[in-house]
Amino acid sequence: MVGFSLAIFFFLMLAQPGFEAFANDIRHRTQNREIVSAKTTASARTQAARNTGRGAQLALKVQPSKLVLAGPMDMRRLLVSAQLADGSQVDVSRSATLTALDDRIRIDADGFVSGLKEGESRIRIDERGAQVEVPVTVLPAASSKVSFVRDVMPIVNKAGCTSGTCHGAAKGKNGFKLSLRGYDPQFDYEMFVHDVSGRRINRVDPSHSLMLAKPTMQVPHGGGLRFDLDSRYYGTLLNWISQGTPYGDPVAAQVKRIEVLPGEILMPRPGLVQQMQVTAHYGDGSSRDVTREASYTSSVPTVAEVSQDGHLKTLRRGEAALLVRYEGRFLPVAITVLEGRPGFRWTQLPQHNYIDRHADAKLRKVEILPSEIAGDAEFLRRVYLDLIGIPPTPQEARAFLTEPGEPRLKRSRWIDKLMARPEFVDHWTVKWGDLLQNTRKFVGDKGVWQYREWIRKSLAENKPHDQWVREVLTAQGSTFENPAANFFRIARNPKVAMETTTQVFLGIRMVCAQCHDHPFEQWTQNQYFQMAAFFSAIGVKEGADSQEEIVYLKRNEEERDIKHPKSGNVVAAKYLFGDNTKEASQEGDRRDRLVRWLTSKNNPYFAKAVANRIWSYFFGRGIIDPVDDIRAGNPPSNEPLLAALTKDFTDHNFDLQHLIRTIVNSRTYQLTYRTNEWNRADEINFSHALPRRLPAETLFDAISVATGSVLKFKEVPLNFRAQQFPDPTVGMGGFLDLFGRPQRDSACECERRSDVSLSQALNLINGATVSDAIADPEGRIAQWVIAKLPDKKLVEELYLAALSRAPESNEYELGLNYLAQSPNRAERAQDLMWALLNSNAFLFNR
């Protein structure tokens with residue numbers, strides 16, 4: 001009965017248009033299997049010997065443990081790893097010998113298995129004396145139909161035809177245009193099948209189709225050879241044309257998700273390899289091995305390089321991410337490469353909270369030993385600069401350094417004191433003012449002060465983050481009476497409002513999806529305009545007072561809508577992810593529904609984005625970095641740590657001060673910047689503090705605190721610190737701008753510069769800001785000289801004022817010798833202060 005069923009099955013297959021070409025392709029490749037195999041086996045076995053070179057091989061492990069195939073078009077590969085005596089596993093997928101134990105299956109030279117006859121079969125796998133068998137079930141093929149969406153587009157994408165340098169360019173190439181990276185298959189189908197009167201398809205003689213002749217170089221092709229006449233790709237395209245170029249069911253053929261094996265890569269040493277396996281899961285419930293059609297990108301090619309058939313090789317110690325992409329779906333795979341580190345031994349430091357537990361787990365995994373906990377002076381200066389944006393005064397530094405008590409409790413008490421100060425509010429107002437782009441260029445002279453005060457008040461009250469985001473995004477009315485409405489005065493276009501919202505509050509950059517589907521993420525052009533539709537009913541008009549504007553809800557239905565640039569159809573508001581199968585209600589103020597979704601504790605981006613952003617302000621980089629570019633291809637350096645921060649933040653009802661307090665109380669934050677032999681090269685795992693050049697406003701205020709000089713600006717009241725300036729208009733073009741103050745033209749963190757340049761060095765050495773502050777007749781040095789402080793006391797005060805610590809013995813000696821060389825103590829003291837202000841210890845927060 002089985003034989004009769006198979007006979008009917010193959011008869012029906014042969015009756016399908018173009019199947020003969022497909023069968024010929026199978027026979028051709030089967031005949032050449034030994035030739036191809038001979039070319040690849042030698043290099044594979046050489047690498048296998050390298051992989052298994054340490055420790056005797058014990059057993060083979062195979063993924064998946066069982067294969068289920070649906071006919072000859074369903075081709076899948078096996079991942080084979082060898083377990084060694086030392087407990088490690090190495091990949092031998094390419095070197096292992098696969099043997100079909102009957103004629104129901106076929107094994108290609110590249111290790112892919114396909115079914116020939118319905119029934120049960122087995123594969124024997126041999127590798128250097130070890131052996132294992134894998135059961136195989138061959139099912140009847142559901143269909144031999146080749147569709148454009150499911151079969152042809154992956155080939156076109158893999159061959160590079162839709163890339164930005166080829167036909168996916170904005171204007172195409174040589175009169176032929178395709179969508180970038182194949183984001184619009186319907187458009188691409190029309191171009192192949194119907195454009196220029198269908199000249200690219202020869203239905204009478206499919207093998208002479210221009211679509212086949214060009215990439216195989218049978219006729220001249222500017223893109224060169226993309227695949228051979230005897231390739232699987234050629235056979236699939238020929239079969240599709242022979243069958244009448246069917247488009248296929250776009251719903252059933254839609255890739256819902258991809259699965260990648262292994263899900264994480266941990267290599268004990270460089271030089272090892274790993275074959276990847278990618279499986280696509282479709283809308284109709286079926287799946288397919290798409291390892292050969294997927295695209296692969298290594299985030300750090302010097303750590304791990306990957307070929308476009310998914311073969312990864314590690315090159316040096318380090319961490320990277322492998323981004324696997326297939327038909328609009330993305331999945332990252334973490335790569336960690338270790339190396340033999342003789343003498344490494346984990347030494348457990350005290351753990352203050354969950355942050356330290358997660359940080360230590362990662363450090364132990366990658367064999368990195370954290371630095372010691374910073375001393376009191378180092379911690380004090382760092383926490384002052386990070387929490388309130390100014391260094392401690394000499395009196396404050398002396399009080400902390402001489403205060404008795406258990407260090408951890410003492411530090412915690414001072415953290416609470418700092419967070420209760422008005423300078424804490426000022427410092428964080430600057431950060432949120434940057435993100436919300438508060439500048440009189442957008443909101444006017446009166447508006448900039450009112451918007452600043454609204455931000456300050458929200459921070460001073462410790463308003464829950466979700467609440468004040470809700471107030472910003474649903475604001476309307478007068479921008480004078482309701483300053484939060486200035487958000488829409490700045491982002492008055494619905495597209496700009498959407499881009500700012502997603503970037504600031506979700507950490508997602510949507511701007512790339514305006515013209516086409518995002519090239520490196522799952523977001524589509526349709527989603528871009530669906531999200532923008534939440535803001536399309538918002539209007540801005542002039543108010544009664546000068547510079548006042550009114551944010552209002554449009555009443556005219558036509559004015560409330562946003563249209564898709566391609567179709568011209570009205571786009572309905574729809575959430576970016578989550579329950580986005582249903583359109584949000586289009587009635588009333590759509591922003592209310594958007595904000596409920598956006599600030600929900602179930603939103604996987606909202607709390608994560610702000611937790612990651614706040615973390616970056618204390619460590620110089622985010623756990624995901626850049627902080628406003630959260631995507632599959634930019635994974636976190638410590639996923640469990642970020643997840644724990646996010647959970648803690650949501651569990652405490654989006655309490656920003658709780659999040660800040662938790663971070664600065666952690667041992668991880670309080671580590672010294674001084675490295676050891678095990679963490680010297682680490683920049684992503686927070687094993688030591690990373691020195692950070694002081695932000696412009698902080699540097700300016702630190703000079704003022706160190707010198708005791710009041711720096712004056714005509715645009716603000718006397719005694720205003722730079723942290724209190726409302727916007728970048730104050731002191732424009734001067735010291736603050738030179739040192740990277742953002743102009744608030746965008747909501748990107750990247751607008752604030754932390755670079756070090758020659759012009760900055762020259763300004764610090766010769767500029768008026770430093771020299772005038774040091775020579776201020778009412779400053780610290782003038783007062784100390786008048787008070788006739790002893791030389792040793794004067795040196796001590798200089799160091800406490802500039803570096804928040806007492807000088808070391810050799811620094812005392814140098815200072816005293818310098819003061820003794822001239823009777824002009826004021827001049828000599830000024831020189832010492834100038835030297836301290838130009839030192840890395842002053843210019844960097846470390």
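Q: What conventions apply to the numbering and to the model?
A: Residues are numbered from 1 along each chain as its sequence is written, and side-chain values use heavy atoms, leaving out hydrogens and water. In this predicted model, local features need pLDDT of at least 70 and side-chain atom pairs count only at pLDDT 80 or more, while totals for chains, interfaces and linings use all residues.

Q: How is the packing of two helices described?
A: Two packed helices are described by the angle between their axes and the distance between the axes. Helices here are DSSP runs (H or I, at least four residues), numbered from the N terminus. The axes, lines fitted to C-alpha atoms over the stretch in contact with angles from 0 to 180 degrees between N-to-C directions, of α8 (residues 354-365) and α21 (residues 639-651) come within 9 Å and cross at roughly 165°. The two helices α8 and α21 are therefore roughly antiparallel (angles over 145 degrees).

Q: Which residues of α8 and α21 meet?
A: Tyr354, Ile355 and His358 in α8 meet Pro640, Leu641, Ala644, Leu645 and Asp648 in α21, where contact means heavy atoms within 4.5 Å.

Q: How many aromatic pairs does the whole structure hold?
A: Rings of Phe, Tyr and Trp (its six-membered ring) pair if their centres lie within 6.5 Å; planes under 30 degrees apart count as stacked, over 60 as edge-to-face and the rest as tilted. A search of the whole structure finds 38 such pairs. One of them, phenylalanine 488 with phenylalanine 535, is tilted, at 6.0 Å centre to centre and 45° between the planes.

Q: Are phenylalanine 488 and phenylalanine 535 buried or exposed?
A: Both phenylalanine 488 and phenylalanine 535 are buried (under 20% relative accessible area, 1.4 Å probe, protein chains only).

Note on methods:
Parallel < 35°, antiparallel > 145°, perpendicular 65-115°, else oblique. Buried < 20%, exposed > 50% of the residue type's maximum accessible area, 1.4 Å probe, protein only.
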